[in-house]
Amino acid sequence: MKKFIYFTASWCGPCKTYGPIISQVNGTVSKVDVEENRDLAMQYNIRSVPTTILLKDGIEVWRNVGVTSLQTLQLEYDRN
């Protein structure tokens, strides 16, 4: 099973731009607020938001820090 984990924060300007983009991905996306889920953010070594991680069968196969395009997200989801 594949899924994106999207790490965000309410105070993050780029996250406000990126949220509507990642919500259009044809696939599973879990949104994680780093302020509310500090342990999970630490587990995945999140240093900056937005950060998007693609997991396949629970293993990280792709990571992006910052805003990226819907096309890139969909390509990575389909490719992995």
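Mentor: Residues are numbered from 1 along each chain as its sequence is written, and side-chain values use heavy atoms, leaving out hydrogens and water. As the model is predicted, local features need pLDDT of at least 70 and side-chain atom pairs pLDDT 80 or more, while totals for chains, interfaces and linings use all residues.

Trainee: What makes β3 and β4 a pair?

Mentor: Strands are DSSP runs of E, at least two residues long, and helices are runs of H or I of at least four, numbered from the N terminus. Two strands pair if DSSP finds at least two bridges between them. Strand β3 (residues 51-56) and β4 share six bridges in the antiparallel sense, so they meet that definition. One of these links Leu55 to Glu60 in β4.

Trainee: Why are β2 and β4 called edges?

Mentor: The open, mixed sheet runs β2-β1-β3-β4. β2 (29-33) and β4 (59-65) each have a single partner strand, so one side of each lacks a neighbour in the sheet.

Trainee: How do you know which strands helix α1 touches?

Mentor: Contact means heavy atoms within 4.5 Å. Helix α1 (residues 13-22) packs on the sheet and touches β1 (2-8), β2 and β3. Helix α3 (residues 70-79) also packs there, touching β1, β3 and β4.

Key
Axes are lines fitted to C-alpha atoms, for helices over the stretch in contact, and angles run from 0 to 180 degrees between N-to-C directions.
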